Structures are given as structure tokens and as C-alpha cells.
Amino acid sequence: MSLKMRAAVVEQFGQPLVIREFDVPVAGPGQILVKTEACGVCHTDLHAARGDWPLKPTVPFIPGHEGIGVVTAIGEGVTSVKVGERVGVPWLYSACGHCEYCLTAWETVCAQAQFGGYTKNGGFAEYILADPNYVAHIPPGLDPREAAPIICAGVTTYKGIKETGARPGQWIVISGVGGLGHLAVQYAKAMGLQVCAVDIDDRKLAHATKLGADAVVNAKNGDPVETVKEATGGGAHGVLITAPSLSAFKQGVAMTRKHGTCVLVGLPPGEFPVPLFDVVANCITVRGSFVGNRQDMAEALAFAAQGKVKADIELQPLSAINQIFERLEHGDVPSRVVIDFSAV
Ligand code: NAD
Ligand code: ZN
Ligand code: ZN
């Protein structure tokens, strides 16, 4: 009899996930099989399950791109990963390895890229098939449950902060201090920046202060753009927008200092207006940023392994997935929920 596993599946967009039993997949040539220990729940999983974006996954699919586990089997020809190693199966599931983007460490925008928990089945399952060339290597000593948020929320914000070009001593705005943002505050402090955290929830802002934010602004009160400009002496050198809200994008561009850079990582569906005169006359850069490459991943994990960044996690069993989604949708998750596969 074949080995069975449980997984949470999106069978229809906008419908609750269904827990089903499947045969454990077999690692084919060039693949590895990972026994999941933990998987973080990212707001992206919610967008995926709702079919929010122009490029949609094909239903049914298993979401989850913060899965951490131990390699239990390797397929023919795999030499870079061994049975027993702890790896993470990230959003960047695989890429072609040969195109202009892959050759220049921009594999995240490879046209052949596959996405974990989106175009490939992900970590809301007891086992995950993975590409050994693109898995995250989890440093020894880092708890798998604490490593989980690093392989999406961590690498995305670490890379996004670098993409702002802000230097030690300068100001950065972190807009949205949820799963991504609570790590962004810590990376930014560890990188020597002054941090102004922006959210619409005072509890999230109190948490940001505990994590080292130098200033906090509630975007629901008064004129948040003016408040940020006052706190930062004319706007932040870098702005990182993680909030899944279009109003945060418009405000974020306006919070950017002259000649500063506003990096967009939040992915609410839709578009937002850019005030051309202000952006042009103030020489502001607005750029998107999408997770990070494999070297960014190794660096983001090293910060966590060294204790400079620590994910604040709430553990839940796989069976709670629909309640977790409901809470995430309503901003009721303090930082990151991580599915703990040792809990049945
Ligand atoms: P989350 O739900 O954990 O956190 C979102 C935070 O934004 C919450 O604290 C919420 O209170 C706050 N917020 C909501 N509206 C706001 C507003 N108007 N102003 C300021 N703050 C506001 O979500 P998450 O897991 O951190 O993901 C955030 C977004 O980032 C999602 O859209 C997700 O898809 C996207 N994402 C992008 C990438 C990428 O590579 N670009 C990677 C991961 C996630
Ligand atoms: Zn994610
Ligand atoms: Zn490529």
C-alpha cells in the first residue's frame, strides 16, 4: 500500500480549503521529497486561494511557500542535496538557469520560473516535492518553525530593503507591520537604518516599537504623510510597502524623500495613481521587488541563524487553515501563523 499524506487544497477560488488525503509523491529524476515540519501562512496564500492576480494558478492546488522540512528521498541524478538535510521549499520553486535573468542573479523574474504553492504544489501538505537547485538551506541551530517565515517574508523584506538603496543612519518607512513587516523592521534595524513603522492597527505599531522601530505612525489618524515627513525630517530615504492595501501605496510614494526610492512588495489586486509631477520633480524612484534570489535567501537566513532577526510565530495545526485565512483577511494575525506538522 502506498504511503498517504494530508494536505489542504484549493479546489475552487474563493471557497474554503479542503483537507484531503493523497498518495505521497515520488521523487522523480532531479527532484527531492521533503517531509514537512512547518509551513508559514503568507498573505500571498490568501491572494492565491481567491484567484486575486492576473496570472492564476490552476485549481486544484496545494498552497504554501514557507515550507520547511527534512529531505526523505532524492531522485536520480540529485547530488546537491542529501537525505536528512533540512531545507525550505520557497516561492521561487525553480527557474530555467540559462536565460539572461538567471545568469545575472535575477532568477526571480525568469520566464520559466515556477512558484511554490502556486504553479507547483506547496507546503500545506505533509510532504512536498522540490527542485534541489532552488531549495533554501536551513542553517543548523535554526528552529524549523522559526525558519519558515524567513523563506518568504524574511527574504522578501531583506531584498526589498536593499532595493531601496537606503544606507545605515538613513530613514526607512516600513508600511504594513504584519507577517512581512515585523521582519522588515528587524532587518532594517540590523542593517543600521532608522525605522518609521506605519500600520492601521495600534497593536501592530506597539509591536513594531518593541522590535526597535524609532517612530510609529497610524495611517488611520490625521495626515500620515505629513506625520512621517515630520518624524523623518522631510520623508524617508527608502520606503518599503508591504501593506496589502492600495491606499498604502499612494501614501508610500508621498512619504519618500527627494531622490529616495519607494519599493513595492505588497500585492493587493488593482492599480494606484502615481502623482507624476511630484515623482518627476523630486527625482523619486518607484520600483517593484519580488522575493529574492538564492544568495539573498542565504543572507536572510544567516541573520536569523545569528539571532539578529527572529520571527514572531503562532503555531497552529493544518486543520485550522480556514480560520487562519479568515483572521489574516481581517488583520487579526499578530505576526505570522506557522502550521506545525508535529501537531495533529
Ligand atoms: P499580513 O496580513 O500579515 O500583514 C499586512 C499588514 O498590513 C497588517 O499588519 C495590516 O494591519 C497592514 N495594513 C493593512 N492596510 C494598511 C494600510 N492602509 N496602511 C498600512 N498598513 C496596512 O500580510 P503579509 O503576509 O505581510 O503580506 C503582505 C503583502 O505582501 C501581501 O499582499 C502579499 O501577497 C505580499 N507579498 C509580496 C511578496 C513579494 O515578493 N513582492 C512576497 C510576500 C508577500
Ligand atoms: Zn509569501
Ligand atoms: Zn531563466
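Mentor: The structure under discussion is a predicted model.

Trainee: How many Å separate a polar side-chain atom of D199 from an oxygen atom of ligand 1?

Mentor: Several polar contacts to ligand 1 can be considered together. An N or O atom in the side chain of T44 is 2.7 Å from an oxygen atom of ligand 1, and a backbone N or O atom of G178 lies 3.3 Å from an oxygen atom of the ligand. For the polar side-chain atom of D199, the distance to an oxygen atom of ligand 1 is 2.6 Å.

Trainee: What percentage of the area of ligand 1 does the protein bury?

Mentor: The reference is ligand 1 taken alone, which exposes 870 Å². Of that area, the protein buries 94%.

Trainee: Which residues coordinate the zinc ion (ligand 2)?

Mentor: The donor atoms lie at 2.0 to 2.3 Å from the zinc ion and are two SG atoms and one NE2 atom. Their residues follow the spacing C-x22-H-x86-C in sequence. The coordinating residues are C42, H65 and C152.

Trainee: How many residues apart in sequence are the parts that the pair H65 and C152 ties together?

Mentor: H65 lies in the loop between α1 and β4 (67-74), whereas C152 lies in the loop between α3 (144-147) and α4 (153-164). The pair therefore ties together parts whose separation in sequence is 87 residues.

Trainee: Are H65 and C152 buried or exposed?

Mentor: A residue counts as buried under 20% relative accessible area. H65 has 0% relative accessibility, so it falls under that cut-off. C152, at 5%, also falls under it.

Trainee: With the side chain of which residue does the side chain of E66 make a polar contact?

Mentor: E66 is placed in the loop between α1 and β4, and it counts as buried because its relative accessibility is 0%. Its side chain reaches the backbone nitrogen of A153 at 3.1 Å. The side-chain partner of E66, at 2.7 Å, is R336.

Trainee: What is the geometry of the peptide bond from V59 to P60?

Mentor: P60 lies in the loop between α1 and β4. The omega angle of the bond from V59 to P60 is near -5°, and the peptide bond is cis.

Trainee: Is H259 buried or exposed?

Mentor: H259 is found in strand β14 (residues 256-264), and its phi is near 65°, a positive value in a residue other than glycine. Exposed means over 50% relative accessible area. Because the relative accessible area of H259 is 65%, this residue is exposed.

Trainee: What is the phi of A105?

Mentor: A105 sits in the loop between α2 (100-103) and β7 (114-115). At 34% relative accessibility, A105 counts as partly exposed. Although A105 is not a glycine, its phi is positive, at about 65°.

Trainee: What distance separates the C-alpha atoms of L92 and Y134?

Mentor: L92 belongs to strand β6 (residues 92-94), and at 5% relative accessibility it counts as buried. L92 and Y134 are 42 residues apart along the chain. Their C-alpha atoms are separated by 7.0 Å.

Trainee: How far apart in space are I32 and D223, C-alpha to C-alpha?

Mentor: I32 lies in strand β3 (residues 32-41) and is buried, with a relative accessible area of 0%. I32 and D223 are 191 residues apart in sequence. In space, their C-alpha to C-alpha distance is 51 Å.

How values were computed. Residues numbered from 1 in each chain as written. Chains lettered and ligands numbered in written order. Predicted model: local features only at pLDDT ≥ 70, side-chain atom pairs only at ≥ 80, totals over all residues. Heavy atoms only, no water. Polar contact = N/O pair within 3.5 Å; in protein donor to acceptor, adjacent residues only side chain to side chain. Areas by Shrake-Rupley, 256 points an atom, 1.4 Å probe, with all protein chains shown as cover. Donors = N, O, S within 2.8 Å, 3.2 Å for Na, K, Ca; no water. Helix = DSSP H or I, 4+ residues; strand = E, 2+ residues; numbered from the N terminus. Buried < 20%, exposed > 50% of the residue type's maximum accessible area, 1.4 Å probe, protein only.
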